[in-house]
Amino acid sequence: MYERKKLAEIQDSLQNWEDTTLKKASASLPERRENFLTTSSEPINQLYTPLDISNLDYQDDLGNPGEYPYTRGVHATLHRSKLWTMRMFAGFGTAEETNARFKYLLEQGQTGLSVAFDLATLMGYDTDQPEALGEFGKCGVAISSLKDMEILLEGIPLDKVSTSMTINSPASIIWAMYIAAAEKQGVRSDQLRGTLQNDILKEFIAQKEYIFPPEPSMRLVVDTMEFGSKNVPQWNTISISGYHIREAGSTAAQELAFTLSDGMEYVRWGIARGMDVDEFAPRLSFFFNAHNDFFEEIAKYRAARRIWAREMRETFKAKNPRSWLCRFHTQTAGVSLTAQQPENNVVRVAIQALAAVLGGTQSLHTNSLDEALALPSEHAVTIALRTQQIIAEESGVTNTVDPLGGSFFVEAQTDRIEAQAYDYFRRIEGLGGVLPAIEKGFFQSEISDAAYRYQREIDSGERKIVGVNAYAEKKPLAIPILKMDPRGYERQMARLDEIRQMRDAGRVGQALDRLRIACLGAENTMPYILDAVRAYATLGEMIGVMKESFGVYEEPTWI
């Protein structure tokens with residue numbers, strides 16, 4: 001971007017500044033600390049100049065918004081034309097309670113739904129199974145059958161609202177329940193819009209909510225990709241998730257590298273199934289974390305777009321420009337929230353949300369101030385939603401596309417994170433690919449090392465957390481905490497019992513037998529899952545059939 005002569009002049013000017021102005025200022029006013037670090041413990045220079053981005057080529061490395069390599073955004077007009085989807089994550093207790101919260105959020109101006117499921121559902125258990133005892137509705141809504149899904153979505157126009165569902169191992173079953181519930185509303189599958197998280201690789205890497213071994217788990221993911229491309233064309237069948245990798249303690253570069261590695265692995269499996277890359281890649285989407293370091297997060301999103309576009313076009317030979325787009329949802333960092341002085345979390349969330357918007361997100365969830373203590377109250381979730389609306393309507397940051405593009409600091413950080421991601425790609429390839437790297441504990445080890453380093457910086461006082469190891473107070477909590485319906489568990493158990501009594505047991509048995517045969521064979525399992533769902537087979541019953549066919553995964557022990 002700068003001629004060699006100009007760079008030489010800048011170098012001379014910088015040297016003169018260091019020898020005079022900076023030296024004099026440092027003598028009278030020393031810097032506050034010896035080292036300045038990002039949230040990822042990366043060192044930050046005192047000053048950034050054109051010398052830090054001397055190799056940057058505008059057309060090849062940045063381009064214009066809406067054009068390859070999409071560093072500056074996937075849309076030419078971005079938020080000038082359409083604001084991001086305000087998609088607040090919600091789910092607790094019974095389907096009735098969560099349905100009421102959904103309707104409340106839509107009335108308050110939310111523009112998309114995002115469903116949180118309880119741990120029993122995430123692990124493929126019905127509420128009345130012994131393994132689910134004590135977990136009902138605590139971290140999301142309990143969905144054990146199509147009946148629960150019907151109640152969850154009652155009165156919500158599924159042909160008009162897009163829905164994201166955070167579900168992984170049982171994703172194909174929960175998605176089938178959604179499709180079947182829509183059918184009962186008279187909504188065709190080709191009218192449905194939404195996203196299925198369905199990212200099983202990050203479960204093995206970070207979150208650990210896996211059920212089956214990696215290979216059959218990947219088969220189920222590809223089944224949804226194939227089925228969706230033919231039958232639910234507006235649905236994103238995978239949201240490849242860096243969020244949970246970051247929540248487990250990774251750095252920004254690790255989050256980006258591991259997420260994009262997972263994404264490329266799904267592409268490889270889709271191609272191996274016999275699908276054309278342009279048949280399914282346009283419906284792949286991503287899910288990133290927005291942590292505290294404002295500029296590092298913005299740089300991460302920009303690097304993500306550039307890397308994905310390049311790899312899809314050059315490595316996987318995708319010809320459809322929509323296959324090159326790294327479209328993503330963002331959630332503010334749950335791990336950054338503190339139980340101490342919880343009101344401070346409003347400020348943290350606002351900074352993180354602003355970074356996501358400036359980074360070009362297409363969808364955003366803002367965490368609530370009380371989430372370090374409990375599921376969010378109605379009051380707290382309203383503040384979180386209003387945070388997004390204030391950014392959209394009052395801050396002015398939506399008036400232009402990529403306003404930080406060209407910043408010496410931001411571009412240098414973008415290049416740095418991109419280079420670190422490619423270094424990880426090479427290391428993963430050297431281990432034999434994503435699945436062998438999982439089995440060898442590579443991802444887990446890298447994340448644990450980063451998490452340990454971060455915590456050590458807090459414990460030593462090198463990193464300050466307001467209200468925790470800096471400016472702490474001893475005051476009792478004074479915020480209201482959400483309380484769920486104490487009779488909800490009883491209602492859920494009664495509903496499950498009623499379903500089993502009222503359904504056609506013969507039809508259920510036949511549907512489960514056909515699903516078992518499909519799992520043991522090579523057919524796409526989605527049509528058989530749908531048949532079982534429509535017969536009101538429960539989640540636990542279908543997962544039980546799959547366990548018989550696929551087995552259950554146990555993570556190896558690394559020394």
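Contact is taken here as heavy atoms within 4.5 Å. Helices (H or I, at least four residues) and strands (E, at least two) are DSSP runs numbered from the N terminus. The structure is a predicted model, in which local features need pLDDT of at least 70 and side-chain atom pairs count only at pLDDT 80 or more, whereas totals for chains, interfaces and linings use all residues. Residues are numbered from 1 along each chain as its sequence is written, and side-chain values use heavy atoms, with hydrogens and water left out.

Helix H17 (residues 442-460) comprises 19 residues and reaches 27 Å from its first C-alpha to its last, close to the 27 Å expected at 1.5 Å a residue; the expected span is 1.5 Å times one less than the number of residues. The buried residues of H17 are Phe442, Phe443, Gln444, Glu446, Ile447, Ala450, Glu457 and Ile458, where buried denotes under 20% relative accessible area, exposed over 50% and partly exposed in between (1.4 Å probe, protein chains only). These buried residues pack against H7, helix H9 (243-247), helix H10 (252-272), helix H15 (408-430) and helix H16 (434-439). Just after H17, Gly461 takes a positive phi of about 90°.

Glu457, which lies in helix H17, has a relative accessible area of 7% and therefore counts as buried. With neighbours within four places in sequence left aside, Glu457 is in contact with Leu37, Ser41, Glu462 and Arg463. Between Glu457 and Arg219 the C-alpha to C-alpha distance is 41 Å, at a separation of 238 residues in sequence.

Apart from neighbours within four places in sequence, Arg306 is in contact with Leu56, Asp61, Leu62, Pro69, Thr71, Thr414, Asp415 and Glu418. One of these partners, Pro69, is joined to Tyr68 by a cis peptide bond with omega of about 5°. Pro69 is found in the loop between helix H2 (58-62) and strand S1 (85-86), and Tyr70 is placed in the loop between H2 and S1 as well. Phi of Tyr70 is near 65°, a positive value in a residue other than glycine. Tyr70 is buried, with a relative accessible area of 5%. Most residues other than glycine have a negative phi, and most peptide bonds are trans. A positive phi, of about 55°, is also found at Asn198, which is not a glycine. Asn198 is located in the loop between strand S5 (194-196) and helix H7 (200-207) and is buried at a relative accessible area of 2%.

Strand S5 belongs to an open sheet of 5 strands with the order S2-S3-S4-S5-S6 and parallel pairing; two strands pair if DSSP finds at least two bridges between them. The edge strands are S2 (89-90) and S6 (235-236), each of which pairs on one side only. Strand S4 (residues 163-166) pairs with S5 in the parallel sense over 3 bridges, and Met165 stands opposite Leu196 in S5. Helix H6 (residues 171-185) packs on the sheet and touches S4, S5 and S6, its direction making about 150° with that of S4. Axes are lines fitted to C-alpha atoms, for helices over the stretch in contact, and angles run from 0 to 180 degrees between N-to-C directions.

Strand S7 (residues 238-241) runs parallel to strand S8 (residues 284-290), to which 4 bridges join it. The bridge partner of Ser239 in S8 is Ser285. Both faces of S7 are covered, with Ile238 and Ile240 buried on one side and Ser239 and Ser241 buried on the other.

Among the helix pairs, the axes of H8 (residues 214-231) and H20 (residues 526-534) come within 9 Å and cross at roughly 85°. H8 is therefore roughly perpendicular to H20, a class that covers 65 to 115 degrees, with angles under 35 degrees counted as roughly parallel, over 145 as roughly antiparallel and the rest as oblique. The contact is made by Asp223, Thr224 and Phe227 of H8 and by Met526, Pro527 and Leu530 of H20. By class, this contact has 4 nonpolar, 1 polar and 1 charged residues; Ala, Val, Leu, Ile, Met, Phe, Trp, Tyr, Cys and Pro count as nonpolar, Asp, Glu, Lys and Arg as charged, and the others, Gly among them, as polar.
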